[in-house]
Amino acid sequence: MKVTTYEFEEHGDDRGILIALEEYKNVPFNIRRCYYMYNTQPGVRRGFHAHKSLEQILVCVSGSCKILLDDGQSKETVLLDRPNKGLYIAHNIWREMFDFSDNAVLMVLASKLYDESDYIRSYDEFLQYVQTQRTEEN
Ligand code: T46
(Lines give C-alpha, C1' and ligand atoms only; values in the text may rest on other atoms or scores of the structure.)
Protein backbone atom coordinates (compact mmCIF):
# COMPACT_ATOMS: atom_id res chain seq x y z
CA MET A 1 0.00 0.00 0.00
CA LYS A 2 1.27 3.48 -0.82
CA VAL A 3 1.28 5.64 2.32
CA THR A 4 1.42 9.41 1.79
CA THR A 5 2.84 11.57 4.55
CA TYR A 6 3.67 15.27 4.53
CA GLU A 7 6.41 17.24 6.24
CA PHE A 8 4.76 20.64 6.61
CA GLU A 9 6.91 23.74 6.33
CA GLU A 10 7.66 25.25 9.72
CA HIS A 11 7.76 29.03 10.03
CA GLY A 12 10.02 29.32 13.03
CA ASP A 13 11.67 32.23 14.76
CA ASP A 14 12.71 33.06 18.30
CA ARG A 15 9.03 33.08 19.35
CA GLY A 16 8.43 29.47 18.31
CA ILE A 17 6.97 27.69 15.30
CA LEU A 18 3.88 28.23 13.18
CA ILE A 19 2.51 25.88 10.52
CA ALA A 20 -0.11 26.96 7.97
CA LEU A 21 -2.32 24.43 6.17
CA GLU A 22 -4.05 25.63 3.01
CA GLU A 23 -6.32 23.82 0.57
CA TYR A 24 -4.64 22.84 -2.70
CA LYS A 25 -1.36 24.30 -1.44
CA ASN A 26 -0.06 21.80 1.12
CA VAL A 27 -3.41 19.97 1.58
CA PRO A 28 -4.57 18.17 -1.60
CA PHE A 29 -8.31 18.88 -1.28
CA ASN A 30 -10.92 21.45 -0.29
CA ILE A 31 -10.92 21.73 3.49
CA ARG A 32 -14.62 21.52 4.41
CA ARG A 33 -14.25 20.42 8.04
CA CYS A 34 -11.76 20.26 10.89
CA TYR A 35 -12.18 18.17 14.03
CA TYR A 36 -9.87 16.97 16.75
CA MET A 37 -9.83 14.44 19.55
CA TYR A 38 -8.12 14.66 22.94
CA ASN A 39 -8.42 13.20 26.44
CA THR A 40 -8.24 9.80 24.79
CA GLN A 41 -8.20 7.23 27.56
CA PRO A 42 -5.33 4.71 27.97
CA GLY A 43 -5.66 1.61 25.81
CA VAL A 44 -8.41 3.11 23.63
CA ARG A 45 -8.57 2.18 19.97
CA ARG A 46 -10.83 4.32 17.74
CA GLY A 47 -11.89 4.39 14.15
CA PHE A 48 -12.73 0.90 12.86
CA HIS A 49 -14.26 2.19 9.65
CA ALA A 50 -13.55 3.31 6.09
CA HIS A 51 -15.06 6.11 4.02
CA LYS A 52 -16.60 5.75 0.58
CA SER A 53 -15.48 9.18 -0.62
CA LEU A 54 -13.94 11.26 2.19
CA GLU A 55 -10.28 12.33 2.03
CA GLN A 56 -8.50 13.43 5.18
CA ILE A 57 -5.19 14.66 6.59
CA LEU A 58 -4.36 13.64 10.16
CA VAL A 59 -1.91 15.63 12.28
CA CYS A 60 -1.05 14.80 15.88
CA VAL A 61 -0.56 18.44 16.96
CA SER A 62 0.40 17.39 20.50
CA GLY A 63 1.82 14.09 21.76
CA SER A 64 1.67 11.00 19.60
CA CYS A 65 -0.54 8.20 18.33
CA LYS A 66 -0.44 5.43 15.77
CA ILE A 67 -2.69 4.92 12.76
CA LEU A 68 -3.34 1.54 11.17
CA LEU A 69 -4.23 1.76 7.48
CA ASP A 70 -5.72 -1.19 5.61
CA ASP A 71 -6.67 -1.16 1.91
CA GLY A 72 -8.18 -4.65 2.03
CA GLN A 73 -4.97 -6.24 0.70
CA SER A 74 -2.22 -4.96 2.98
CA LYS A 75 -1.82 -3.06 6.23
CA GLU A 76 0.59 -0.32 7.35
CA THR A 77 1.00 1.40 10.70
CA VAL A 78 2.12 5.04 10.79
CA LEU A 79 3.42 6.84 13.88
CA LEU A 80 2.30 10.47 14.16
CA ASP A 81 4.60 12.07 16.70
CA ARG A 82 5.34 15.58 15.39
CA PRO A 83 3.01 18.53 14.73
CA ASN A 84 4.67 19.07 11.33
CA LYS A 85 3.87 15.54 10.09
CA GLY A 86 0.63 14.91 8.21
CA LEU A 87 -0.86 11.61 7.10
CA TYR A 88 -3.12 11.56 4.05
CA ILE A 89 -5.94 8.99 4.10
CA ALA A 90 -7.81 8.48 0.85
CA HIS A 91 -11.30 6.97 0.56
CA ASN A 92 -11.70 3.16 0.73
CA ILE A 93 -9.09 2.77 3.48
CA TRP A 94 -9.93 1.09 6.78
CA ARG A 95 -8.36 3.02 9.70
CA GLU A 96 -7.80 2.48 13.40
CA MET A 97 -6.15 4.95 15.78
CA PHE A 98 -4.37 3.67 18.90
CA ASP A 99 -1.43 4.11 21.32
CA PHE A 100 -2.43 7.69 22.12
CA SER A 101 0.01 9.38 24.51
CA ASP A 102 -1.72 11.02 27.48
CA ASN A 103 -1.31 14.53 26.01
CA ALA A 104 -2.28 13.56 22.44
CA VAL A 105 -4.39 15.90 20.34
CA LEU A 106 -5.21 14.38 16.95
CA MET A 107 -6.46 16.99 14.48
CA VAL A 108 -8.15 15.98 11.23
CA LEU A 109 -8.80 18.06 8.10
CA ALA A 110 -11.58 16.60 5.98
CA SER A 111 -12.69 17.15 2.38
CA LYS A 112 -16.43 16.95 3.19
CA LEU A 113 -18.90 17.78 5.92
CA TYR A 114 -19.87 15.05 8.38
CA ASP A 115 -22.04 12.43 6.68
CA GLU A 116 -22.77 9.14 8.41
CA SER A 117 -23.82 7.56 5.08
CA ASP A 118 -20.19 7.86 3.87
CA TYR A 119 -18.97 5.46 6.61
CA ILE A 120 -18.45 1.72 6.22
CA ARG A 121 -18.36 0.46 9.81
CA SER A 122 -18.32 -3.30 9.20
CA TYR A 123 -14.95 -4.82 8.23
CA ASP A 124 -16.62 -7.59 6.18
CA GLU A 125 -18.67 -5.01 4.31
CA PHE A 126 -15.48 -2.98 3.70
CA LEU A 127 -13.68 -6.00 2.18
CA GLN A 128 -16.65 -6.68 -0.09
CA TYR A 129 -16.92 -2.99 -1.06
CA VAL A 130 -13.24 -2.61 -2.07
CA GLN A 131 -13.36 -5.92 -3.94
CA THR A 132 -16.39 -4.74 -5.93
CA GLN A 133 -14.69 -1.39 -6.66
CA ARG A 134 -11.55 -3.17 -7.94
CA THR A 135 -13.62 -5.50 -10.14
CA GLU A 136 -15.49 -2.53 -11.64
CA GLU A 137 -12.21 -0.67 -12.32
CA ASN A 138 -10.73 -3.65 -14.26
C1 T46 B 1 -12.13 9.24 10.89
C2 T46 B 1 -11.30 9.15 12.11
C3 T46 B 1 -9.86 9.50 11.86
C4 T46 B 1 -19.67 14.46 14.59
O5 T46 B 1 -20.76 14.81 15.05
N6 T46 B 1 -19.06 15.20 13.60
C7 T46 B 1 -17.87 14.86 13.07
O8 T46 B 1 -17.36 15.59 12.19
C9 T46 B 1 -17.23 13.67 13.53
C10 T46 B 1 -15.88 13.24 12.92
C11 T46 B 1 -17.84 12.92 14.49
N12 T46 B 1 -19.04 13.32 15.01
C13 T46 B 1 -19.63 12.54 16.09
C14 T46 B 1 -20.11 11.16 15.68
C15 T46 B 1 -19.92 10.34 16.93
O16 T46 B 1 -21.06 10.45 17.75
O17 T46 B 1 -18.65 12.32 17.10
C18 T46 B 1 -18.75 11.02 17.64
C19 T46 B 1 -17.44 10.26 17.53
O20 T46 B 1 -17.19 9.97 16.14
P21 T46 B 1 -16.54 8.58 15.66
O22 T46 B 1 -16.96 7.49 16.56
O23 T46 B 1 -16.84 8.43 14.20
O24 T46 B 1 -14.98 8.88 15.89
P25 T46 B 1 -13.72 8.04 15.45
O26 T46 B 1 -12.59 8.54 16.26
O27 T46 B 1 -13.99 6.60 15.46
O28 T46 B 1 -13.48 8.44 13.90
C29 T46 B 1 -13.18 9.78 13.52
C30 T46 B 1 -13.99 10.19 12.29
O31 T46 B 1 -15.39 9.94 12.54
C32 T46 B 1 -13.60 9.45 11.05
O33 T46 B 1 -14.15 10.07 9.90
O34 T46 B 1 -11.65 8.99 9.79
O35 T46 B 1 -11.80 9.92 13.22
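How far does a polar side-chain atom of Gln-56 lie from an oxygen atom of the ligand? I looked this up and found 2.7 Å, which falls under the term polar contact (a pair of N or O atoms within 3.5 Å). The protein buries 67% of the 660 Å² that the ligand exposes when taken alone, with areas from the Shrake-Rupley method and a 1.4 Å probe.

I noted that this is a predicted model, in which local features need pLDDT of at least 70 and side-chain atom pairs count only at pLDDT 80 or more, while totals for chains, interfaces and linings use all residues. Residues are numbered from 1 along each chain as its sequence is written, and side-chain values use heavy atoms, with hydrogens and water left out.

Next I listed the shell, taking a residue as near if one of its heavy atoms lies within 4 Å. The ligand is surrounded by 13 residues, and among the closest are Arg-33, His-51 and Tyr-119. Strand E5 (strands are DSSP runs of at least two residues) gives the largest share, 4 residues.

Finally I traced the open sheet, whose 5 strands pair antiparallel in the order E8-E7-E10-E5-E12, where pairing requires at least two DSSP bridges. Strands E8 (75–80) and E12 (119–120) stand at the edges with a single partner strand each, so one side of each is left without a neighbour in the sheet. I counted 5 bridges between E7 (residues 65–70) and E10, and Ile-67 stands opposite Met-97 in E10.

Technical notes. A polar contact is a pair of N or O atoms within 3.5 Å; within protein, one must be able to donate a hydrogen and the other to accept it, and residues adjacent in sequence count only if both atoms are side-chain atoms.
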